[in-house]
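Welcome, and thanks for taking a look at this one. Below is a short briefing to read alongside the sequence and the 3D view.

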Amino acid sequence: LQPSAVKSTGGATFTRQADGTWLASGVNPEHDTYEITAPLAAGSFSGVMLNAFPDASLPEQSLGRYPNGNFVLTDIDAEIIAPGMKEPISVLFTTAEADYEQKGYEVKFIVQDKPKRGKGAKNKQGWAVDGPTRKEPRTAVFTCAPVTVPPNATIKITLRHDAIGGHNIGRFSLSSTSLPPAMVKLKGGAV
């Protein structure tokens, strides 16, 4: 995805890096929400891959904005809109997989019980990556039932950090997939 806008509801500043990633700086609010808007190709949509990267400007030169370099992502939502649509298509991510998970902070907590929580409800559990000791790039994939994307569509992805104050992702990129959800795997599959 090539975002046209990346915003923080908590006042952080995002700067696009030369490699296409986005780096947060400035204010690090207690519980930030990132809103990413990007054009989305017509066809099928079945998931998102989130990559978190270390950066020399982040605490401990790690992946998160908390002083120890960690983050806890608690929710991901997506809506697809296009000209002429009466209302957006809400995407419900139902599966999640990560290449690394901190004990007690597994990526499954982001999608687990999501229908019960309801859209926008705060989740206090989420995905963390041992920021103080694990400083290599980390990846998570989130899949949904395939959605038909109309021409000239835009996707708005929302990332929430509601678990522990200041544990916000520092530098990231997003990509989308149209593969059948069963084929979207980090281990032994394709993304």
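The chain has two helices and 13 strands. Please keep in mind that this is a predicted model. With a radius of gyration of 16 Å, close to the 16 Å that the globule rule gives for 191 residues, the chain is as compact as a globular protein of that length.

**Overall build**
- Taken along the principal axes, the C-alpha atoms fill a box of roughly 45 × 30 × 30 Å.
- Among contacts with a separation of 6 or more, 77% are between residues 24 or more positions apart.

**Burial and surface**
- Buried residues make up 48% of the 191 in the chain.

**Aromatic pairs**
- The chain has five aromatic pairs.
- One of them joins Phe 14 and Tyr 34 edge-to-face, at 4.7 Å centre to centre with 85° between the planes.
- Phe 14 sits in strand 2 (residues 13–16) and Tyr 34 in strand 4 (residues 33–40), so this pair ties together parts 20 residues apart in sequence.
- Phe 14 also forms an edge-to-face pair with Phe 172, at 5.9 Å centre to centre and 85° between the planes.
- Because Phe 172 belongs to strand 13 (residues 171–177) and Phe 14 to strand 2, that pair links parts 158 residues apart in sequence.

How values were computed. Residues numbered from 1 in each chain as written. Predicted model: local features only at pLDDT ≥ 70, side-chain atom pairs only at ≥ 80, totals over all residues. Heavy atoms only, no water. Helix = DSSP H or I, 4+ residues; strand = E, 2+ residues; numbered from the N terminus. Rg over C-alpha atoms; globule rule 2.2 N^0.38 Å. Buried < 20%, exposed > 50% of the residue type's maximum accessible area, 1.4 Å probe, protein only. Contact = heavy atoms within 4.5 Å. Phe/Tyr/Trp six-rings, centres within 6.5 Å; stacked < 30°, edge-to-face > 60°.
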